[in-house]
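I opened my notebook today to look around a protein model and jot down what I found. Come along and check each entry against the picture.

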Amino acid sequence: MEPQDLELELCKKHHFGINKPEKIIPSPDDSKFLLKTFTHIKSNVSAPNKKKVKESKEKEKLERRLLEELLKMFMDSESFYYSLTYDLTNSVQRQSTGERDGRPLWQKVDDRFFWNKYMIQDLTEIGTPDVDFWIIPMIQGFVQIEELVVNYTESSDDEKSSPETPPQESTCVDDIHPRFLVALISRRSRHRAGMRYKRRGVDKNGNVANYVETEQLIHVHNHTLSFVQTRGSVPVFWSQVGYRYNPRPRLDRSEKETVAYFCAHFEEQLNIYKKQVIINLVDQAGREKIIGDAYLKQVLLFNNSHLTYVSFDFHEHCRGMKFENVQTLTDAIYDIILDMKWCWVDEAGVICKQEGIFRVNCMDCLDRTNVVQAAIARVVMEQQLKKLGVMPPEQPLPVKCNRIYQIMWANNGDSISRQYAGTAALKGDFTRTGERKLAGVMKDGVNSANRYYLNRFKDAYRQAVIDLMQGIPVTEDLYSIFTKEKEHEALHKENQRSHQELISQLLQSYMKLLLPDDEKFHGGWALIDCDPSLIDATHRDVDVLLLLSNSAYYVAYYDDEVDKVNQYQRLSLENLEKIEIGPEPTLFGKPKFSCMRLHYRYKEASGYFHTLRAVMRNPEEDGKDTLQCIAEMLQITKQAMGSDLP
């Protein structure tokens, strides 16, 4: 596979490292664009017989809503790819072992990843070579290709570029530094496709939700090296009823009823990949335990020597934001990684093959899974580059190479997360930078809140569109969902009011990751900053998260619109001097709220403070009781350290 042969056309506005990216442009008449699917939308929208005229209009609105969702998927999701010259559905290993005959590209594809197969069925069934030109297989997933330069004298690009934008051209032009291409290709299965709270676990055909094959390719001179991993939902019957934050998972069928479908899934996997090493990252305690235990029981019942089960409680090992502890896992399975090898081909043919794959999963197969897959793939890449003589035997990857590599995997995680959960990946800051920061944890809280809201209605429409694209009957009553959506608009306003309370819940979930090992979580509250200068500048409430540990408190400001923590402070409780509670500072009129002022020392100087108020769910309250409780918690915690807080 020569670099110039990999001509990729992307359905994207922009994508790193690939020349002339192109975006699919809709025809001027949207109703003619994807007409077949629109016809399906119309036939799947049925209104009851009563109140015909009014409901006919509602039905038309629903049709438009579904068509909008369809167009959004193709135009805005940045997740569909095709190539006229390269088979994106098949790994290098499958391509190298396949028959070399005169069949057109679309007849050689891996059926699991031929995403638009049903949509162009009218063409594929014609059966004459004349139509081959028009049949372009598409994958849903992610593709990124970068050229990296192995230069140990060059510093990182941290100051020169933002985390999202790796440099397009290397600053090193000296030919003495080896160069190589690295590519990531993720292919999402079209079976059991859909959104997170609509598709979980296994189905009656042995297909699992959020099944993605990710291939990392290295190309040096005439050598192409490939390493494949997969991710997929835990293959038992389970679900989360998703109209609240982080619903409790439940098993929907007994152990005995599940066996046949679990077997069907892994028999197909072993038939394709020969060996499987399961890496299960779900928590071994708490609400996730029920799913992890069911998985292990099924593996023991399956009892196949080609299936290896590894359990790694990600949150337990990486608590205190120490995601670098993933190395504990890669060190433990290092021999398994090396024994698995990788696919290596050159112009003469296959030099060696990958023997088996890692099948990584957490609950959603998104955030934890992406961090671990990136860590495993990095171990493999360093071994590959050393074998090729591109990297010295005892050196790690150069800083700049590592930076771009981390960004690629973070982009991959974000893309897969948007396709399954509707928002970017949590823990993306670690994958991008190798560091877990408080700002990243706060951003995760907002992303989780977004995921929670998105699943209310958007998922129902998106799921219906995906089902229609795949030729699956839509079972959900879309008409009833559409009419209820209006009722829920009022609820959404309430949801925005209670958003702060929701963030407090989220903080409980993330506290394990947030606090260092030597700090214990005592409380978290969503508040609003009362500083008049801040409110005047933004013309809206400034959201604040106040977190309390046994020795410090954190004040973090986040912007709800851009999902980002703008700034945060960690302040030692020793430096908290006094707390005042009273009416909010106003320039005009009577104060509406009570406020809490936290006075603290900074660099041994007094006179600094934060002024905060509670979020009001009832207009008749002034929030004083809430602030009193928070002040007492701060006071008790400081007293436990041996000093009083007036």
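**Entry 1: surface.** I looked up the accessible surface of the protein, which comes to about 29900 Å², and carbon and sulfur atoms hold 50% of that. Such areas come from the Shrake-Rupley method with a 1.4 Å probe, and for residues only the protein chains shown count as cover. A note to myself: this is a predicted model, in which local features need pLDDT of at least 70 and side-chain atom pairs count only at pLDDT 80 or more, while totals for chains, interfaces and linings use all residues. Residues are numbered from 1 along each chain as its sequence is written, and side-chain values use heavy atoms, with hydrogens and water left out.

**Entry 2: the overall picture.** I found 17 helices and 20 strands in the protein. Helices (H or I, at least four residues) and strands (E, at least two) are DSSP runs, numbered from the N terminus. Of the 646 residues, 53% are buried; buried means under 20% relative accessible area, exposed means over 50%, and partly exposed lies in between (1.4 Å probe, protein chains only). I also checked contacts, meaning heavy atoms within 4.5 Å. Among those between residues at least 6 apart in sequence, 68% join residues at least 24 apart.

**Entry 3: cavities.** How many cavities of 30 Å³ or more does a search of the whole structure find? I noted eight. Here a cavity is a set of points, on a 1 Å grid over the protein atoms alone, where a 1.4 Å probe fits but cannot get out, and lining residues have an atom within 4 Å of a point. Grid points are joined across faces, edges and corners, and a volume is the space filled by probe spheres set on the points.

The largest cavity holds about 80 Å³ of space. Its lining includes Arg112, Ser189, His191, Tyr211 and Glu268. I sorted the lining of this largest cavity into two nonpolar, six polar and two charged residues. For that sorting, Ala, Val, Leu, Ile, Met, Phe, Trp, Tyr, Cys and Pro count as nonpolar, Asp, Glu, Lys and Arg as charged, and the others, Gly among them, as polar.

The second largest cavity has a volume of about 60 Å³. Among its lining residues I met Tyr81, Asp87, Leu105, Pro137 and Ile139. The lining of this second largest cavity divides into eight nonpolar, two polar and one charged.

Entry 4: Strand β3 (residues 139–149) runs antiparallel to β4, and nine bridges join them; two strands pair if DSSP finds at least two bridges between them. Valine 143 has isoleucine 185 in β4 as its bridge partner. Isoleucine 185 also has a bridge partner in β5, namely glutamate 215. Eight bridges join β4 to β5, again in the antiparallel sense. Is β4 largely enclosed or open? Eight of its ten residues are buried, so β4 is largely enclosed by the rest of the structure.

In the loop between β4 (179–188) and β5 (212–220) I found arginine 192. Arginine 192 has a positive phi of about 50° although it is not a glycine. With a relative accessible area of 21%, arginine 192 is partly exposed.

**Entry 5: strands β14, β19 and β20.** Strand β20 (residues 605–614) pairs with β14 (residues 521–529) in the antiparallel sense over three bridges. Across this pair, isoleucine 528 stands opposite arginine 613. Strand β19 (residues 594–602) also runs antiparallel to β20, with six bridges.

Glutamate 604 sits in the loop between β19 and β20, and its phi is near 70°, a positive value in a residue other than glycine. Glutamate 604 is exposed, at 69% relative accessible area.

Entry 6: I found alanine 421 in helix α11 (residues 399–421). Alanine 421 counts as buried because its relative accessibility is 4%. Its C-alpha atom is separated by 8.1 Å from that of tyrosine 197, 224 residues apart along the chain.

Glycine 356 lies in the loop between β12 (349–352) and β13 (357–361). At 3% relative accessibility, glycine 356 counts as buried too. Leaving aside neighbours within four places in sequence, glycine 356 is in contact with Tyr273, Lys275 and Met340.

Methods:
On a 1 Å grid over the protein atoms alone, a cavity is a set of points where a 1.4 Å probe fits but cannot get out, and a pocket is an open set with protein on both sides within 12 Å along at least five of seven lines; lining residues have an atom within 4 Å of a point.
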